[in-house]
Amino acid sequence: MTSETITADAAGTWTLGDLTVNRIGFGAMRLTGSAAFHLGTPSDRERSVAVLRRAVELGVDHIDTAAFYFSSLRSANEIINSALSPYPDDLVIVAKVGPYRDWSGEWGTSARPEDLRGHVEENLRQLGRDHLDVVNLRRMGQDSIAEHFGALAELREKGLIRHLGISNVSPRHLAEAQAIAPVVCVQNRFGLGSGNPGTEEMLRICGEQGIAFVPFYAIAGEGGEQGATTGHDEAVLAIAEAHGATPAQIRLAWTLAQGPHVLSIPGTGNPDHLAENVAAGALRLTDDELGTLDSLHHKAG
């Protein structure tokens, strides 16, 4: 079986509230250019449109996006709208609010609670939808998220949002949010060699409570917004060779192996990389391989 024939259901499914999704999804950040935001060169629009349509053909039914995902010429939400509208009934679109970039691409002051309705409505406008399936509140350093999350909970009551999630948070923020409204997912930075004790604890808590844990930069690693890391430990390279896989696929397979509640949202503007990312959901690492990679992860952390 080649990467081109493996579909996203090979990784299994999870539920976001009442929405069942394949555990391999798609992150829209890299649709707009060679690196996130304004850091790279703008993408070829038609290729980005083709990547999205191919993702859906491969069974991806969970797309993570944000209104602040744009480059000098491209908007991820606009590309999603153009490529996929009218949207398939089973496609779940997850938006993120909190951070803010002005028209020139410069980062502005993060949203106050009263600003969040405007952030949600901007995502709705760009995507051409009347509601968002899931909205993640991205914490921007504030000690408490109660006011911000409460504002989103009010929008959920009004029908603009179906489910709520949180991002860049610690366990105490999860508890704070849950006192206000249900939380269906947590998005934190996590990947092979790039964890921290708080995130490891969050991974465990989410598993115990049946909450989806959705790591970002699982492939990028230290590359972060610039894109996938090119530095791989010899153990990762050896395991990749044993499976006839790429190091990026091994990183994704290890991430998914952290629990059935772990989702993956790798992003790319390259159709070949898309097929490889989806195919990683079919990789099954041995116990010995997982032990080797776990040791590598904890040593790096």
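## A buried pair: Phe 190 and Trp 254

Phe 190 and Trp 254 are both buried. This is a predicted model, and in it the two residues form a stacked aromatic pair, with 5.7 Å from centre to centre and 25° between the planes. The pair links distant parts of the chain: Phe 190 belongs to the loop between E8 and H6, while Trp 254 is in helix H8 (residues 247-256), 64 residues apart.

For an edge-to-face label the planes must be over 60 degrees apart. Both Phe 190 and Phe 213 are buried.

What does this pair tie together? Phe 190 lies in the loop between strand E8 (185-187) and helix H6 (197-209), and Phe 213 lies in strand E9 (residues 212-213), so the contact joins parts that are 23 residues apart in sequence.

How many aromatic pairs does the structure hold? There are 8 of them. Elsewhere, Phe 37, Phe 68, Tyr 69 and Trp 107 come together as one aromatic cluster.

## Charges over rings

Trp 107, a member of that cluster, also has a charged neighbour: the charged end of Arg 101 sits over its ring, 5.5 Å from the centre. Tyr 87 has a charge over its ring too, with the charged end of Arg 129 lying 5.1 Å from the ring centre.

Key: Residues numbered from 1 in each chain as written. Predicted model: local features only at pLDDT ≥ 70, side-chain atom pairs only at ≥ 80, totals over all residues. Heavy atoms only, no water. Phe/Tyr/Trp six-rings, centres within 6.5 Å; stacked < 30°, edge-to-face > 60°. Helix = DSSP H or I, 4+ residues; strand = E, 2+ residues; numbered from the N terminus. Buried < 20%, exposed > 50% of the residue type's maximum accessible area, 1.4 Å probe, protein only. Lys NZ or Arg CZ within 6 Å of the ring centre and 35° of its normal.
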